[in-house]
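I opened the notebook to go through side-chain packing in one model.

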Amino acid sequence: MTFHPDLVVGLHLADDAGVFRMPGGTLLLQTVDYFTPVVDDAFDWGRIAASNALSDIYAMGGTPLTAMQLIGWPRGAISFDVLDDVIAGGVEILQQAGCVLIGGHSVDDREPKYGFAVSGTVEEKNLVMNRGAQPGDVLVLTKPLGTGVIATALKAGRAPEEVVSRAVTTMVTLNEGAAKAMNRVGVHAGTDVTGFGLLGHLSEMLTASEVGARIRVADIPLMDGLRSLVEAGLFPGGSARNLEAVRPTLVAEGVEDTSIRILADAQTSGGLLMAVAPERLDAMLDALVEERTPAAAVIGEIIEDDCASIVVIGS
């Protein structure tokens, strides 16, 4: 494990991006993310991959600056014309974010993979970490859950077209607006909800902050059609592993299995999860509405708990 006097966030902290203090005091943010296709349309896959990679920069209150493209491509099996569409989608989102593509690397791979290493900056006063949540803070979520289940249903040929279309729209929506709201209003802690699901990323926040949380199922925004897909048995293996990982600290009060599974669903390009001081809640919700985030949902609160427990309350 590497330590350096200017390393603010590194491998020793389970946060969204690495943070390094540059000469002059500006903080450099660095992150990397890439994955196999989550939708059938190549252009949409590229857009989703870019939005997802940029999300870690936004989750820490930063502004993305540059990106390096990462490609794994089965050159003998899939036309490079398809790759052109993937790249076009990624570039569109980078341009939307004002992030400059400056290079990258590709390898011949049996399974297609695509993503980015992204660098950004943040002023120290705006740096958001997943530690610092305090008892009494309100938990706010900026996108609905469901992308993991919907992607699984799509692969099985059982996802309705309109459900997939709405999920894609959510996934390609940048968390830029949510980051601007965090900078303007201020939060005690924050993270994005991606591969570990809502429960997994919340658990990381609680462990880092040495607190617990109480969340209400009825207040958590979900994508249309999600519950019926889970009830039909369409639940990703990664999401199941997420659930098993948090079970030791999970307390469910009147919650059916479907809801618990949804809370553990592995997300792609999910929203931001923030711990907001109660006196700043109204200003935060107003800011999120102004920024037109997909959701601005109050889903629970931080509680005193040395065991980092997550209490899930049913309807």
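**Aromatic rings and helix packing**

I began with Phe116, which counts as buried at 0% relative accessibility. I note here that the model is a predicted one. I then looked up Tyr114, and its relative accessible area is also 0%, so Tyr114 is buried, the cut-off being under 20%.

Next I went through the ring pairs. The count of aromatic pairs comes to three. I looked up Trp45 and Trp73: their ring centres are 6.5 Å apart and their planes stand at 20°, so I put the pair down as stacked. Trp45 belongs to helix α1 (residues 42-59) and Trp73 to strand β4 (residues 63-73), so this pair ties together parts 28 residues apart in sequence. I checked burial for both rings. Trp45 has a relative accessible area of 3% and is buried; Trp73, at 4%, counts as buried too. I then returned to Tyr114 and Phe116, which form an edge-to-face pair with 5.1 Å from centre to centre and 75° between the planes. Which residues do the ring pairs link into a cluster? I noted Trp45, Trp73, Tyr114 and Phe116.

I made a separate entry for a charge over a ring. The charged end of Arg261 sits over the ring of Phe235, at 4.9 Å from the ring centre.

At what angle do α1 and α2 pack? I recorded an angle of about 35°, with the axes 7 Å apart. The crossing of α1 and α2 is right-handed. On the α1 side the contact residues include Phe43, Trp45, Leu54 and Tyr58, and on the α2 side I noted Val82, Val86, Ile93 and Leu94 among them. Arg47 of α1 and Asp85 and Glu92 of α2 are also in this contact. By class, I have 12 nonpolar, four polar and three charged residues for the contact of α1 with α2.

My last entry is on helix α3 (residues 147-155). Why do I call α3 largely enclosed by the rest of the structure? Seven of its nine residues are buried, so the description holds. I listed the buried residues of α3 as Thr147, Gly148, Val149, Ile150, Ala151, Ala153 and Leu154. These buried residues pack against α4 (161-171) and α7 (226-231). After α3 comes Gly157, and I noted its positive phi, near 70°.

Notes: Residues numbered from 1 in each chain as written. Predicted model: local features only at pLDDT ≥ 70, side-chain atom pairs only at ≥ 80, totals over all residues. Heavy atoms only, no water. Buried < 20%, exposed > 50% of the residue type's maximum accessible area, 1.4 Å probe, protein only. Helix = DSSP H or I, 4+ residues; strand = E, 2+ residues; numbered from the N terminus. Contact = heavy atoms within 4.5 Å. Phe/Tyr/Trp six-rings, centres within 6.5 Å; stacked < 30°, edge-to-face > 60°. Lys NZ or Arg CZ within 6 Å of the ring centre and 35° of its normal. Axes fitted to C-alpha atoms, helices over the stretch in contact; angles between N-to-C directions. Left-handed = near helix turned anticlockwise from the far one by under 90°. Nonpolar A, V, L, I, M, F, W, Y, C, P; charged D, E, K, R; others polar.
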